[in-house]
Amino acid sequence: MDAYIIGIIAYLALLTGVGVYKSRKVKTQDDFMVAGRKTTALFLAGTLVCTWVGSGSLFGGAGLAFRGGISQLWMSAGAWVGIAFVYFLADRVRKISKYTISDILEQRYNSLARIFGTTAVIIAYLTIAGYQFRGGGRLLNILTGMDPQTGAAVTCVATILFTIIAGMVSIIAMDLANGIMIIVGVFIALPLAYGAVGGSQALASLPADRFAVFGPEDSVWAMGVFFPTFFLLMGESSMYQKFFAAKDGKTAKKAVIGMIIGVIVVETSLALLSVVGSAKYVTLAPFANPDGTLNKAATETIILYLARHDLPIFAGVLLICAGVAIILSTANTFLMVSSTNVARDIYQRFINPGVSEQAIVKFQRMWIAILGIVAFIVANFFKSILDMAFTAYTMVGAGITPALLAAFLWKRVTVQGGVASIIAGMG
């Protein structure tokens with residue numbers, strides 16, 4: 001059997017063992033939705049990094065870096081600045097001790113804010129989960145030749161199963177392993193890929209704008225990719241849900257420091273890895289079309305292509321497993337958050353307020369499967385992972401973030417203003 005497939009199977013077996021072990025601790029709604037509110041700073045930082053660094057970075061961001069150079073980091077920088085702002089909110093969020101941001105929206109505004117906020121989150125997060133599935137399909141296509149659509153279906157099923165096992169408890173536990181795998185895989189790959197493509201001589205052959213502040217674009221473009229990630233991060237529901245899982249407010253703030261360091265290091269390394277790959281492949285198939293233009297979808301696969309074709313097997317296996325970690329950790333979190341919104345913000349709040357703890361967990365597990373299938377279908381309506389990312393980012397950034405920040409920071413915001421902001425932003 002191919003060494004890459006063996007590596008993936010072994011890694012997934014490890015994650016399965018962690019998930020099954022943690023599943024024995026799931027007794028209540030708190031356990032399943034917010035990991036019993038006992039998460040330490042190390043585990044919380046790990047899961048926050050893994051949640052943010054997903055297929056949007058591994059594929060969409062990598063494609064941007066391949067085509068435009070290090071200026072791709074303007075998209076990542078939006079998140080970095082957003083995380084710095086969130087540091088000052090983390091303690092306050094944890095003290096609220098809710099389950100979802102829709103809880104906060106209703107507490108500050110009214111039930112309509114909960115309904116529309118929940119709708120925005122579900123639409124955006126199913127889109128994000130969907131492009132993780134597409135990322136998994138591309139990974140399996142590069143490794144085995146499997147049809148990308150079939151590979152996406154396999155990824156969808158695997159994500160559903162991992163998420164159902166033990167909810168947020170297993171996600172947070174698995175994400176520590178995922179975070180370690182991502183860092184090890186990317187750090188080992190970067191110098192080896194640099195040597196494999198020809199080092200500084202190969203990089204010197206790239207256009208000078210690949211290393212310019214705005215690349216081949218301008219400051220307007222930079223702001224156009226900066227602000228979607230910035231406003232998404234500020235209203236990122238999964239991050240707030242994980243703050244609710246922290247042991248206390250100080251733990252949440254410490255985790256944010258770890259998050260910003262981890263995200264900057266990993267996303268910068270991924271961008272550099274993509275630029276290094278472009279030095280070899282910018283004029284070669286499948287990345288370049290016969291007329292010399294770049295194939296956008298193909299450029300999004302550069303990191304996994306390097307792992308399969310240019311790195312020593314041991315490093316390639318580690319980088320492929322890092323790719324699996326990136327895809328799976330993000331997919332199961334966003335599927336978990338979407339299902340929490342359905343279970344908590346719709347079913348428990350409006351349909352069956354007296355539902356038992358065991359029943360709500362069963363209900364959410366059912367909806368994890370349903371929403372996973374919906375996300376798989378949604379993914380087919382977009383041309384590229386980058387398109388899906390910006391659509392989802394803008395839905396949250398416009399629909400949720402202004403009203404959520406006003407709820408925290410602006411005493412004069414009115415109920416009507418908050419609700420109107422959510423509806424208008426979604427529109």
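User: Is C321 buried or exposed, and how do I read that from a model?

Analyst: The general idea is that a residue is called buried under 20% relative accessible area, exposed over 50% and partly exposed in between, using a 1.4 Å probe and protein chains only. Here C321 has 4% relative accessibility, so C321 counts as buried, and C50, at 0%, counts as buried as well. Please keep in mind that this is a predicted model, in which local features need pLDDT of at least 70 and side-chain atom pairs count only at pLDDT 80 or more, whereas totals for chains, interfaces and linings use all residues. Residues are numbered from 1 along each chain as its sequence is written, and side-chain values use heavy atoms, with hydrogens and water left out.

User: How many disulfides does a search of the whole structure find?

Analyst: A disulfide is a pair of cysteine sulfur atoms within 2.5 Å, and the search of the whole structure finds zero of them. For C50, the closest cysteine sulfur is that of C321, and because 14 Å separates the two sulfurs, they are too far apart for a bond.

User: Which residue has a side chain joined to that of Y281 by a polar contact?

Analyst: A polar contact is a pair of N or O atoms within 3.5 Å, where within protein one must be able to donate a hydrogen and the other to accept it, and residues adjacent in sequence count only if both atoms are side-chain atoms. In this model the partner is D310, whose side chain is joined to that of Y281 by a polar contact of 2.6 Å. Y281 itself counts as buried, at 7% relative accessibility.
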